Amino acid sequence: MSGRPLTRLSPFNMVSLALGFAFLYLPLVILVVFSFNASRLVSVWGGWSLRWYAELLNDQAMLEAAWMSLRVGVSSATLATVLGTMAAVALSRGSDFRGRTLFSGMLHAPLVMPEVITGLSLLLLFIAAGAERGFWTVTAAHTTLTMCFVAVIVQSRLNGLDRSLEEAAMDLGCSPLRAFFAVTLPMIMPAIAAAWMLAFTLSLDDLVIASFTTGPGASTLPIRIYSEVRLGVKPQINAICTLMVAFVALVIVVASLVSKLSEAKSGSAAPL
């Protein structure tokens, strides 16, 4: 059996790889380790302890900010996924409608637009509309931010599908809408799940746009952490950040397992 021989990593490549991973993940490791620090000083190690996780349960403001971020993240990611998927279908399946270039450009504009400009423009919009800033304004702002990412991911998946499957379903009597839900949607579901996860993560992480569009009593977790870090890092911040890292990692693992199960099921159902 002929083939290209496997090349072994050189010492230089191994060192470069190790430095790259250290640059990416060493700060997270330090954060997680110091969340179990018994000392009140975050820069002085005082032994292992769950003290600050217990203290976190009594920090009502931090817990309310975390709950606010989770609600905004789930709501905006769901709305962005629905709207972004519809936009992706329009761009992928309606290649000749009038105004497609303008629609595509406006849809993808938030990808390159500075967040300060987006946040300020949305703030002016909400003020002009007389909307009370809070949960719904932050959700609308994050939906605007993340919808374009969803559209890019889902459109790339749609462009790679074999359209003959949809045409065969319509030849057998399905309407275009039914063919989409019966044939196309199951095949792009892994991309939709990945897009939802990315939208949720971007919403959970956003500080700039949320700071423009939120109001009194509706602070998200990044805003709360930023306001407290300016006065000094509290050990509870390490604890809440560790919990958020664990939560996001759990979501990634679950989404990966669901995607693999979906692909395996599709492969077993494919005709030989």
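Contact here means heavy atoms within 4.5 Å. The structure is a predicted model, in which local features need pLDDT of at least 70 and side-chain atom pairs count only at pLDDT 80 or more, while totals for chains, interfaces and linings use all residues. Residues are numbered from 1 along each chain as its sequence is written, and side-chain values use heavy atoms, with hydrogens and water left out.

Ala80 lies in helix α3, where helices are DSSP runs (H or I, at least four residues) numbered from the N terminus. Leaving out residues up to four places away in sequence, Ala80 touches Thr85, Thr143, Thr146, Met147 and Val150. Ala80 is buried, with a relative accessible area of 0%, the term standing for under 20% relative accessible area (1.4 Å probe, protein chains only). Its C-alpha atom is separated by 7.7 Å from that of Trp196, 116 residues away along the chain.

A nonpolar core is a set of buried Ala, Val, Leu, Ile, Met, Phe, Trp, Tyr and Cys residues joined through side-chain atoms within 4.5 Å. The two cores described here are set out below.

| Core | Residues in it | Members include |
|---|---|---|
| Largest | 29 residues | Met62, Val154, Ile188, Leu221, Ile225 and Ile240 |
| Second, separate | seven residues | Met68, Val72, Phe135 and Val138 |

Beyond its neighbours within four places in sequence, Val154 is in contact with Thr85, Ala88, Ile188, Ala191, Ile192 and Ala195.

Notes. Buried < 20%, exposed > 50% of the residue type's maximum accessible area, 1.4 Å probe, protein only. Helix = DSSP H or I, 4+ residues; strand = E, 2+ residues; numbered from the N terminus.
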